[in-house]
Each structure stands twice: as C-alpha cells, then as structure tokens.
Amino acid sequence: RRDARPSASLCLPQAIVWDEYLTGPFGLIAQYSLLKEHEVEKMFTLKPGRLPQADVKNIIFFVRPKLELMDIITDNVLREDRGRSPQRDFHILFVPRRSLLCEQWLKEQGVLGSFIHREQYSLDLIPFDGDLLSMESESAFKECYLESDQTSLYHAAKGLMTLQALYGTIPQIFGKGECARHVANMMIRMKREFPGSQNSVFPVFDTLLLLDRNVDLLTPLATQLTYEGLIDEIYGIQNTYVKLPPEKFAPKKQGEGGKDLPTEPKKLQLNSAEELYAEIRDKNFNAVGSVLSKKAKIISAAFEERHHAKTVGEIKQFVSQLPHMQAARSSLANHTSIAELIKDITTSEDFFDNLTVEQEFMSGIDTDKANNYIEDCIAQKHPLIKILRLVCLQSVCNSGLKQKVLDHYKREILQTYGYEHILTLNNLEKAGLLKPQTSGRNNYPTIRKTLRLWMDDVNEQNPNDISYVYSGYAPLSVRLAQLLARPGWRSIEEVLKMLPGPHFEERQQLPTGLQKKRQHGENRVTLVFFLGGVTYAEIAALRFLSQMEDGGTEYVIATTKLINGTSWIKSLMEKLEPAPF
Amino acid sequence: MSRARADEEEYWHSSKFRAFTFDDEDDELSQLKESKRAVNSLRDIVDDDDDDLERVSWSGEPVGSISWSIKETASSSTGSLESRDSSLQKGSSSYAAFPKQVSSYSLSSLFKGELPHTQCGQMALSDTGVKNYAPELRRPKAEYKDYSSDWSPKDTVRRMQRGKVCSLERFRSLQDKLVLLDEAVAGHDGNVITAVLIFLKRTLRREILFRELEVRQVALCHLIHFLKETGEQKLLLDLLRLCFFSLSLQLSQYREHLNIQDVEKRREFLKGCIGLPFSAEDISHIQDHYTLLERQIIIEANDRHLETAGQSEIFRKYPRKASILNMPLVTTLFYSCFYHYTEAEGTFSSPTNLKKTFKIPDKQYVLTALAARAKLRAWEDVDALFTTKNWLGYTKKKAPIGFHRVVEILQRNNAPVQVLQEYVRLVEDVETRLNLATKYKCHDVVIDTYRDLKDRIQLMAYKCKVERGSAEEEKINSILNNMVRN
C-alpha cells in the first residue's frame, strides 16, 4: 500500500556498498534498474579489506547502525589508497537512523572525518504485500524484553505516525501489553508535540490494534501448517524470497529452473502477485494438493484446445492466450515441486511425532511432566532449537513448568549441548518463555477454553474457523483481534487480566469533516500491529477473517519482523562464537 | 523555523570542520592526534560553541562565500533533518525521485532526496523562496551562540530524538543530570539514552553514577550494553560487581568466558565465577562447567601425548577427529567411553568417574556408552551393559532406556543380525517387537513370536518372506506341522 523509493538519488557516478542484511528489504522497494537511473554504477557488499576498484567518485555505505559494521567500514576506509586520483569520496547512510554511538565509534577509529555526508534513511515500515508491512527489525523482541531497550518501539511509533500522515488519523487505538502501551503513549505524545501535523486525509483505518508478542508467546512456538507457513518453517522465507533445493526443479521442467545449475539453490519470489500462490499460500497444507491437481487439469484442458482450433481466428486467439498459459504452467510446476518437497517432510515420522507432542501440549495433555519425546530428542542430539521450541511450548501451555521438570530439562540440555547454553536458557526465562510455575496455578486451561484456542473438529479443506492454520489450534493473538471486532473485549475481561500487560483503549479526535459515515455493509478496516514479530500462519488467519462474508472487518497487518519459531528462538539465543574482534 | 534551520547548519559546521582537516592532511600523525582528541572529549560532538577558528566548509572554502552558501542552501532546502522528522511523514508518492536539474548543486543536495514535498509544504515553500537569497540569510555567529541555553531537559531530549546535536554541558548539577537521564529514558529512544549516559559517564564520579543507575534499571541496561559493545571490559566488570541485583546481570560476567580463547585462562576465569553470588542452581551448573573443563584439559594433554607416541592401539586405529576441549559433557562421556572404557574408576578419564562426578543419570550414561561401544563393534561390552546379576547369581537383562531404543542404536551402528536379534527378542511390547524384527529381518524372532501367539495365518504369510530352503523356512514348516498336530 505504500510505495517508497530510495533517497539516495545522487546524480554523480557512484557506488553503493551494502550492508548485506539491508539488500533484502531494499530489494522490495527498488530494483537495480531504478538505482541505475540514478547513476549508481556499482554495488558491493560490505566486507573487510580493500574496497573493490570502481571508477566512481562517490562511495556510499548503506548500513544499519551496528558497531561491528562500523569496524568493517573503518577497515575499508583506512585501506583506501590515498594516492589514487581522483580521490573517492565517502558517504554513509544509516538505516533506519543515525546513531551517535556509531559516529562516536568511527571518530575513535579516526575515520569519521572521511565521510563527507552522514545521513539517515528512515525506512520504518517496508511493504511486503498488499496487506502486510514489516520493519524487519530482527532483534526487536530481544531488545524490548531482554535488554529493556525500547528503541524499536520508538521506530514503530514513528512508522505509525508516518502511516497516519498518509492514510489519515486512526480514530480508535486498542492495545494489549506493556510495549503496546508504550507505543500508544509515544504516538499520543508525538501528536501533541506537532499539533500542526493535523492532516486532512480521509482516514482509511478505523481501528489500530497494538499487540505485544509476549501476550501470545505460544503461537510462534507451534509449527505452522499453512502452505506459506510450512515453506517458512522448512526453508525460511527472507524478504519474500525462498531458496529451495534444486533437485526437484530439474531443467527439463518449464520455468526458470533451466537457468540454474542443479547445485545452486533455486530462488523464488513469493507474493500475491502470483495468482496461484495468492490462492494457496494461506491454505492448510493438506488442502493444497487438491487445488494444485485441479489447476493442472484446467491448464492441460486449455492446452488441449489447440486441437479444436480450426479457423485462423481461433488459432490467433489461442496464440494470444499462450503467454498467460505458459506463465500459469510454470507457476504450477514450481508450486507442485515445492509441495512435493514439503510433503516429503510432513510425511516423515519425526515431523509427525513432533506435531503430535505439540498438539498434546496445546490441547492441555500431560503438560506437567517431563515428556518422553523431548527426552529422546535430546538423547539423539536433535538441533537445540527444536528442543527449546518444544520445552518452551510445554512451559507456556502449563503457565510455567514444575520446578522439578524444569530442572530436569535444563540439566539434560546443558549436559548434552554444553554448559554455556545456560545463557540462552536464562534469556528464555527472562522472556517468559521458560519458567517455573510460580503461582502454583495453571491458567492456560481457562484461557484455552474461554478463547476457544483448541478446536477438535477442524476443517482443513473448507475452514470455518481460524484454527485451521495450526490444524486445531487457533492462534491466541488472532483470537484477540477477532473478539475485539465482535463482540468486544469487555466479554473477555477476565482472560485479558490473566495475560501479561495492560489492555487499553484510546481515541484520537478527528475533525468533523473527516468522520466516516459508514455505509451499510461496508467493512471496517483494522490495522493490527504485532510488536515483536508475527508468523505467516497468524497472517493467514487474519486474512481468513478478512474474507469471511459476515466478518465485517478487514485486516491490514504490520509488524516489527516476520518470524517463525526457529528464527525467533534463534534471536533469543546467546551468540556463542567469540566476537570477531 | 529559521532558527531551527540555522541550528541545523550549525551542526554541519561543527562536524564539517573536522572533516576538512581530515581530507586535507592525511598524514597519519595528524590523524592520530585528531582521534586522540576525539576520544578525550565527547564535548566536541555535543558542543554548540564552535571553535573560534575561521569557519571553513568541507570543500575548503571559507564559510559565507557565495559558492559555499549555494551548496548549503541547496542542501537545506532539499530537506534538513528537522523537516524530515517534524513532518513525521515521508512517504510514498512524495518520495522525491530527484529531478535532474538539481544536479548542478553539490552532492549534499541530492543526498537528501527524501524530502516529502506535500506534507511539509510550508517548509518547502519557505525554503524554496529562500534559495535565491541564501547568502543574506546567514545569521551572525553570536546569535546562535546562546540560543540553546534555556532548553529544559525535556526539550533537549526532544531535540536529540530528532537527530540534532545539542549541548549537554549546561546540565551541571547532579539533579539536572538525573532529570535529563530520566527524560531520556521516558523517551524510549536508545540512541538518546546512550548519548546521555556517555555524558554522565564522563562527568560523574563512578561511584555516584553507579549508585544512581542502580535505581534506574533501563538506563543501566543501556550502559551495560554500550560497554559491552565498545569493549570497555574493566568498567563493565566494575559495574557488574557493584550492581548485583538481578540474575540476568550476574550471568553477563559468566558470559565473558566465551571471549577467552586460551583454555587455561578460561578455566581460571570460570574458577573465578564460582565465587560470585549466582543463584544456587546456576552456581552448580557453573561449578560443573569448571570441573568439566579442568578434566578436559587433563585428558587432552594425556591423550595428545598418547596419540603422538603412537603406542596406544585405539588411537592408531581411530585417530581423534578433534580435540575434546570445550565439548559438552555428553560428548566428553562418549569420548571417554570410546577411548577409555576399561580404565579404573580412579582415573580422571574413565567413564565411571565422569558419571559419578557429574551425577549423570543412568539413562544418559547407558545411551552414551552403548553408542560408543557399538561404534567400536564391541558387542561384549554392549552385552555387559545390560546384564545384571541378582543376589542368587542369576543373570538378567535390563535396559533403563527400553530395548527398542537399544535396537535402534545398534542398527544405526550396523550391528550384525545375530547381535540385533538378541535385543529385539527382549523388547517387551509384542507389536513393537514384531515391527522391529520384521524391519531388521530378524526372522527367528518373528517366527518365535508368531509361534508364541499361535498365529498360523501370519506364520504362513511370513513364509514367503524368508529365503527358499533356508533354515528359517524349515523352522516355519516344523512349527506349522506341530501346530496342526496339537
């Protein structure tokens, strides 16, 4: 919904040195061709050593304000050949903000003066799809909950202000959680401080819902079972791109597969621009197969029609449709291959066992004792992240583990994976993901029942409830959004009190001319902002609610980062390899 | 608005001047001097009050010259920090893809292409108007020398949030400084909080700073993070020592061991950690960590010697792939089961000693030992692992992990069928037993199980799965015959 272009439109020959992490998000808003129009001659990725030769006057560093990156830049600058002519000019562009700390650091290294310009490019919210915005701030959750560093919330609030400037003041703000409260406060304050910013844009959004990730720690831990969710769980989607093992994309098949060497991973972009993907991305994986086979029939039938084309006119018409059909066919071939890859994994014994345990926990079975499957996985040294996901899931579904069980797990993990992981366990404990049951009471069953988090009769093919995205479990966060729209949070006051952080409502006054007169049958639009990350399955669930005929509410989603259980836990793990300097 | 702009320019001066020095003199000495000066005083960054030297822009022209001001105005008209932030909107349609005609100006103008045209209309308007008269617009230096003096802590923080530089020097009393810090914390902007903390760190006595931070957790976390990032170990450790009040901080001292490469030093460091006031539970883990590393150092020295000497058969046959240092406990146990299985309990490297010292549970121990011995194909050791004698001297097979797991592990290590079937037979659950036996082709077990179940039909069916004329077929036939007779 928001279109953005890079700010660096220098009109002199220039080279950009990219912080690799930024290339993904920037790729979403600007193509190389666009940069080329603005005289960008060369692009490099940031790495230590001497900068590559390039016949340009200006070198621009696009970086996040991180100290380790500053060290690399310092190295680059110091190795620059001073004698060469013409001398190259350096510039630095911080995304999303300049940081005093970084500049101070550069200064201490004695290179700050080498930069002619130091600027910032406030890329707050990056559009990922028609209904999805992300800040792609990887460490937001960790910073907020472990380091009490709420800078990312400040950025979120700023991003929201920008959004309001473009799409109108949002009259109603709801929120749940400590961070949500902070963001709302900051927004209100920012508005007060710039009274002139009262804009005259007709509001697009009716409601803003701010949700803390720590209100719903459960959802990201469970394995997502939508098509897109599974692609992300298994292969990891980075900035809408996914890299897949090439074997299934043999060159003989249609599509771009032919260009790749079979050893290189196949890279595909996934977004709603692809008709087929838009249709299947949010479906439960078990419902994807039938759609794919139906499509296959339609396409082959369409190709068959060439035999019936008799007259020149008919042939001409057929030929004119060919490009579209070819595209559909290659898209179908790609997704059939992806579905095959995923099916290999979802039908494996271990996937099944893992899912069974997850579902037992979420439906409240045996959450208060040490689980055999988890013990087995530890003994077989399965990846630590998998173990942590399961243990945390059990802890969350039991409002904390019994001290004895917790100690047992901790011991097993430390002995098998190394004592240094005590730091990671500590982080998880601090984030509330892994904890001893302190109150002696398990609130989860009450929450589960009141919010109907577990549905036994789930319809994966033709869903009638959001629980289809996890084949039984309805994501808590989305349930909160759903109940807010109807009948309102007042009905679940008790449960809201059991979840961490305050819940609140704020109103922002609109000038009388801009107040919406709702037509009958017109949908309300709610912006849901997940502070600390959101999963693809949650997005799918919200899209499902948007599409419900009698839903009455459409959702647009914003977040600090698109996450899955693995990437999320990883962001909370202590980096164990020693620092590079 | 113009005041803000002047201030903006002011900022560019202060940083520009230094930039100039750099570009012109690149001999290392002056650089060193410069950086030293920079290190010594943060003031230079934050200071409003520029040096009394002649103002020179980065292109080397004296400030105020016409060519200079054209560049300057161009840059400020295309969007100062102020305008960008105050408008709070930079957006879509308005992302100026910068028109070519601007290219006659210097880089600075184009660099700031993100000025939102529409939203800050007023601003842009006045700026455009100003463009032609730029030289006159410069304000006398004196005018912006003191305009900052009356900013409240709140305003100061606001300004800093907008990316502007302002002097913190005027916050002299402790009271003022603390108000400033609290304001910064209330603003939730880490960048500003850190800046204020750097100022406090420089201007307050350490004890006072630490004391005040103790009651300001958020600020404390920021300072710790800052010190971590900048690698000021000594101050960090001092701080940690003084402020032991939450679990999370205590562990950050322990965390330091990861940065120590040398094992001996690491061991010493861990030893030091034991004395720290961690929670009882953590202390036991850290104690174990220390003990383990201590062991590993001894074992490593010993085994490296053995290996190079080439005397020991096991090391000749199975050279070590990596050093055992810094490996997890279970890996160490595996290693010791592999290379030191038969050693007496008294030696540090014996598995039983490890088991005792670290109170390794039976299950864990058996699993590890089994995997290690199976890898060496030492089937007798495997057998011994599960054999227990009761007081009458009868032997009995028992496995704390369940025999189906034993079978899996053995199978993974390519155990021969004879060995495998012995354990498949011991699986208690009939269905699991049948499954495993069929899967791993332990025909004898399958046949015997069906016999015990008196399942003629299955037995007949199984006949086609064994080789023609083999002993197994014979056996099935004889059982079938017996069954008929009974």
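1. A quick definition to start: a salt bridge here is a side-chain nitrogen of Lys or Arg within 4 Å of a carboxyl oxygen of Asp or Glu. By that criterion, a search of the whole structure finds 38 salt bridges over all chains.

2. A word on the ground rules. This is a predicted model, in which local features need pLDDT of at least 70 and side-chain atom pairs count only at pLDDT 80 or more, while totals for chains, interfaces and linings use all residues. Residues are numbered from 1 along each chain as its sequence is written, chains are lettered from A and ligands numbered from 1 in the order in which they are written, and side-chain values use heavy atoms, with hydrogens and water left out.

3. In chain B, please have a look at B:E300, which forms a salt bridge with B:R304, with 3.3 Å between the closest N and O atoms. The two residues sit four apart in helix 17 (residues 280-309) of chain B, so about one helical turn separates them. Helices are DSSP runs of H or I with at least four residues, strands are runs of E with at least two, and both are numbered from the N terminus.

4. The surroundings of this pair are worth a note. B:E300 is buried, at a relative accessible area of 3%, whereas B:R304 is partly exposed at 44%. (Buried means under 20% relative accessible area, exposed over 50%, and partly exposed in between, using a 1.4 Å probe and protein chains only.)

5. B:E300 also meets B:R320 in a salt bridge, 3.1 Å from N to O. B:R320 lies in the loop between helix 18 (313-317) and helix 19 (329-339) of chain B, so this pair ties helix 17 to a part 20 residues away in sequence. Both B:E300 and B:R320 are buried. Elsewhere, salt bridges with shared partners join B:R425, B:D444, B:D448, B:R451, B:D452 and B:K475 into one network.

6. Over in chain A, the side chains of A:K295 and A:E279 form a salt bridge of 3.1 Å, N to O. A:K295 is partly exposed at 25%, and A:E279 is partly exposed at 37%.

7. Finally, the sheet in chain A. Three strands form an open, antiparallel sheet in the order 10-11-12, where strands pair if DSSP finds at least two bridges between them. Strand 10 (237-238) and strand 12 (266-269) stand at the edges with a single partner strand each, so one side of each has no neighbour in the sheet. Four bridges join strand 11 (residues 241-244) to strand 12, and A:K243 stands opposite A:K267 in strand 12.
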